[in-house]
Amino acid sequence: MEKTLSIVKPDGVKKNIIGEVITRFEKSGLRIAALRMLRLSKEDAKNFYIVHKERPFYDSLTDFMSEGPIAVMVVEGDNAISRVREIMGATNPKDAAPGTIRADFASDIEHNIVHGSDSPVSASFEIPFFFSSLDIN
């Protein structure tokens, strides 16, 4: 059973669509194994997105991710990483397939509603960033 991390970003929380995101994952046969809501400090956001430190969007991304509450969850199921990414849609909502979360709700490439681990390696860093093994059911 593969596990991945997904985040409803501050824009998704503000739009009140946490339940919609969860519903889309669950309707596809995935299971929510852990869930919590929190607010990242700027420093926490920088640490979480450290992989993007050299990218030009790093500062604006970490500002955005620390501007309001987020909902983080561990999603599990067969091929969970690729399935979650398919349900989310392309990072740029203009390129996202109709019916995906980003096509339906995102306003632009940076304010794109959700985050999902892109590989088993990133999931192995991202899940324990937010959850201990005791938190995951």
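This is a predicted model: local features need pLDDT of at least 70, side-chain atom pairs count only at pLDDT 80 or more; totals for chains, interfaces and linings use all residues.
1. His115 is buried, at 11% relative accessibility. Buried means under 20% relative accessible area, exposed means over 50%, and partly exposed lies in between (1.4 Å probe, protein chains only). His115 sits in strand β4. Helices (H or I, at least four residues) and strands (E, at least two) are DSSP runs, numbered from the N terminus.

2. Residues are numbered from 1 along each chain as its sequence is written, and side-chain values use heavy atoms, with hydrogens and water left out.

3. The largest pocket holds about 550 Å³ of space. It is lined by 23 residues, and the closest to its centre are Tyr49, His52, Phe57, Leu61 and His115. The search runs on a 1 Å grid over the protein atoms alone: a pocket is an open set of points where a 1.4 Å probe fits, with protein on both sides within 12 Å along at least five of seven lines, and lining residues have an atom within 4 Å of a point. Grid points are joined across faces, edges and corners, and the volume is the space filled by probe spheres set on the points.

4. Which elements give two or more residues to the lining of the largest pocket? They are α5 (80–88), β4 (114–116) and α7 (120–130). Helix α7 supplies the largest share, four residues. By class, the lining has 10 nonpolar, six polar and seven charged residues. Here Ala, Val, Leu, Ile, Met, Phe, Trp, Tyr, Cys and Pro count as nonpolar, Asp, Glu, Lys and Arg as charged, and the others, Gly among them, as polar.

5. The structure holds five salt bridges. The criterion is a side-chain nitrogen of Lys or Arg within 4 Å of a carboxyl oxygen of Asp or Glu. Lys3, Arg31 and Glu76 are linked in a network of such bridges. Lys3 pairs with Glu76, the closest N and O atoms being 3.1 Å apart. Lys3 lies in strand β1 (residues 2–8) and Glu76 in strand β3, so this pair ties together parts that are 73 residues apart in sequence.

6. Arg31 also forms a salt bridge with Glu76, at 2.8 Å between the closest N and O atoms. Arg31 belongs to strand β2 (residues 31–38) and Glu76 to strand β3, so the pair ties together parts that are 45 residues apart in sequence. Glu76 is buried, with a relative accessible area of 10%. Both partners are partly exposed: Lys3 at 33% and Arg31 at 37%.

7. Another salt bridge joins Arg24 and Glu20, at 2.7 Å from N to O. Both residues lie in helix α2, four residues apart, about one turn of the helix. Arg24 counts as buried at 18% relative accessibility, whereas Glu20 is partly exposed at 31%.

8. Glu26 is found in helix α2 as well. Glu26 is partly exposed, with a relative accessible area of 45%. The C-alpha atoms of Glu26 and Glu76 are separated by 9.9 Å, and the two residues are 50 apart along the chain.

9. Two backbone angles deserve a look. Most residues other than glycine have a negative phi. Asn16 has a positive phi, near 60°. Asn16 lies in the loop between α1 (10–14) and α2 (18–27) and is exposed at 70% relative accessible area. Asn79 has a positive phi too, near 55°. Asn79 lies in the loop between β3 (70–77) and α5 and counts as exposed at 51%.

10. Ile50, Val51 and Phe125 form a nonpolar surface patch, with about 290 Å² of accessible area together. Patches are made of residues with over 30% relative accessible area and no salt bridge; like charges are joined within 9 Å, nonpolar side chains (Val, Leu, Ile, Met, Phe, Trp, Tyr) within 5 Å. Areas come from the Shrake-Rupley method with a 1.4 Å probe, and for residues only the protein chains shown count as cover. Val51 lies in the loop between α3 (42–48) and α4 (58–65). Val51 is exposed, at 67% relative accessibility.
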